[in-house]
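Hi everyone, thanks for making time for this.

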Amino acid sequence: MTDDTATPAPAWGRQHARRLRELYRSAGWPCQDIVEIELLAGGMLERLVDDRGRETLRLTEAGLRLAAAQAARNRAALSAHEALAQRVAAQLAAAGRIAWRGLALRARLPAAAAEGVAPAGADLLGEPAAPAPPGALWGMVRPDVFSIRNTTVATYVEPVVHEVKVQRSDLLADLKRPAKRGAYLDLGACWYVLGSDARGRCIADPSEVPAECGVLVEEGGRLVAARNAPPPARAELPLAVWMALARAVPYTPGEIGVQANI
């Protein structure tokens, strides 16, 4: 007779693979949630108990294969733009900074026109926008990478925006939007990261990027500074930006893909 009460195997998704990666690079302490129940029942994890009765979790061979397969699928899905942005985030993390991908940040615009930038009333975080000072114009922007220094001193955070461009047409269109660039500069120092074309040539000369922005280019498989960005005008981050950072997950070395707001 067959056991009609047997639980069918779950469809393994990104949350399962993410949990496996987290457990692999940690001490293996269990969260004891439904994701771990499914991974344990499916043979992706195994329980280990030490001589003090403390339980930890370890990936089985099947769990390692699942994590590796999901990582391969994620890499294949990355576009050239996402891959370059990911390299920027990884380089910043290696330098000791805290980086985020996919943030929606509220910034002050420098001019009366806000073409290409969502008005502050249409808050992308799903909350009402805070009242702006008389005459000020605010908007929501989504930098490809946003980072700060790992410090406990608010005035030492040195916020930086990195805008990634892998197509020349996209870069030229972006350079015609001073309001967007001004919003980035309101958040901190702004860098343009220029990719290469099919022949390995940089999509633009660094001199084509406005002087108020720094420029990173690909050179010998590395990202190098073709021109440094001037120091940011803002010494501290406003409360709205801190709140956005508190609601988001920073980039973790080894992760693939864009972080999303919680």
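Let me start with a question: at roughly what angle do the axes of helix α1 and helix α2 cross? Before I answer, please keep in mind that this is a predicted model.

The axes of α1, residues 14-24, and α2, residues 34-41, cross at roughly 85° and come within 10 Å. Angles of 65 to 115 degrees count as roughly perpendicular, so that is the word for α1 and α2. On the α1 side, the contact is made by Gln15, His16, Arg19, Leu20 and Leu23, and α2 brings Val35, Glu36, Glu38 and Leu39. Sorted by class, this contact has 4 nonpolar, 2 polar and 3 charged residues.

Let's stay with Val35, which sits in helix α2. Is Val35 buried or exposed? The cut-off for buried is under 20% relative accessible area, and Val35 has 8%, so Val35 is buried. If we leave aside neighbours within four places in sequence, Val35 is in contact with Gln15, His16 and Arg19. Val35 and Ala17 are 18 residues apart in sequence, and their C-alpha atoms are 10.0 Å apart in space.

Now a quick step back. The protein has 7 helices and 11 strands, and 38% of its 262 residues are buried. Take the contacts between residues at least 6 apart in sequence: 60% of them join residues at least 24 apart.

Next, the sheet. In what order do its strands come? This is an open sheet of 6 strands, running β3-β7-β8-β9-β10-β11, and the pairing is mixed. At the edges you find β3 (97-100) and β11 (222-227), each pairing on one side only. On average, neighbouring strands here are turned by 30° against each other, ignoring direction. Helix α6, residues 178-187, packs on this sheet and touches β7, β8 and β9. The direction of α6 makes about 145° with that of β8.

Strands β10 and β11 run antiparallel and are joined by 5 bridges. Together β10 and β11 form a hairpin with 2 residues between them, and Gly220 in the turn has a positive phi of about 60°. Val215 has Arg227 of β11 as its bridge partner, while Glu218 stands opposite Leu223.

And what about the interior? As a general point, nonpolar side chains tend to be buried together in soluble globular proteins. Here, the largest nonpolar core has 30 residues, and the members touching the most others are Phe146, Leu187, Tyr192, Leu194 and Leu245. Two or more residues each come from β4, β7, α5, α6, β9, β10 and α7. Beyond its neighbours within four places in sequence, Phe146 has a list of contacts that includes Ile98, Trp100, Val161, Leu187 and Leu245. Apart from this core lies another one, of 16 residues, among them Val88, Leu216, Ala229 and Tyr251.

One last stop: Thr60, in the loop between β2 (55-59) and α3 (61-77). Which residues is Thr60 in contact with, leaving aside its neighbours within four places in sequence? They are Gly43, Met44, Leu45 and Glu46.

Technical notes
Residues are numbered from 1 along each chain as its sequence is written. This is a predicted model: local features need pLDDT of at least 70, side-chain atom pairs count only at pLDDT 80 or more; totals for chains, interfaces and linings use all residues. Side-chain values use heavy atoms; hydrogens and water are left out. Two strands pair if DSSP finds at least two bridges between them. Helices (H or I, at least four residues) and strands (E, at least two) are DSSP runs, numbered from the N terminus. Axes are lines fitted to C-alpha atoms, for helices over the stretch in contact, and angles run from 0 to 180 degrees between N-to-C directions. Contact means heavy atoms within 4.5 Å. A nonpolar core is a set of buried Ala, Val, Leu, Ile, Met, Phe, Trp, Tyr and Cys residues joined through side-chain atoms within 4.5 Å. Buried means under 20% relative accessible area, exposed over 50%, partly exposed in between (1.4 Å probe, protein chains only). Angles under 35 degrees count as roughly parallel, over 145 as roughly antiparallel, 65 to 115 as roughly perpendicular and the rest as oblique. Ala, Val, Leu, Ile, Met, Phe, Trp, Tyr, Cys and Pro count as nonpolar, Asp, Glu, Lys and Arg as charged, and the others, Gly among them, as polar.
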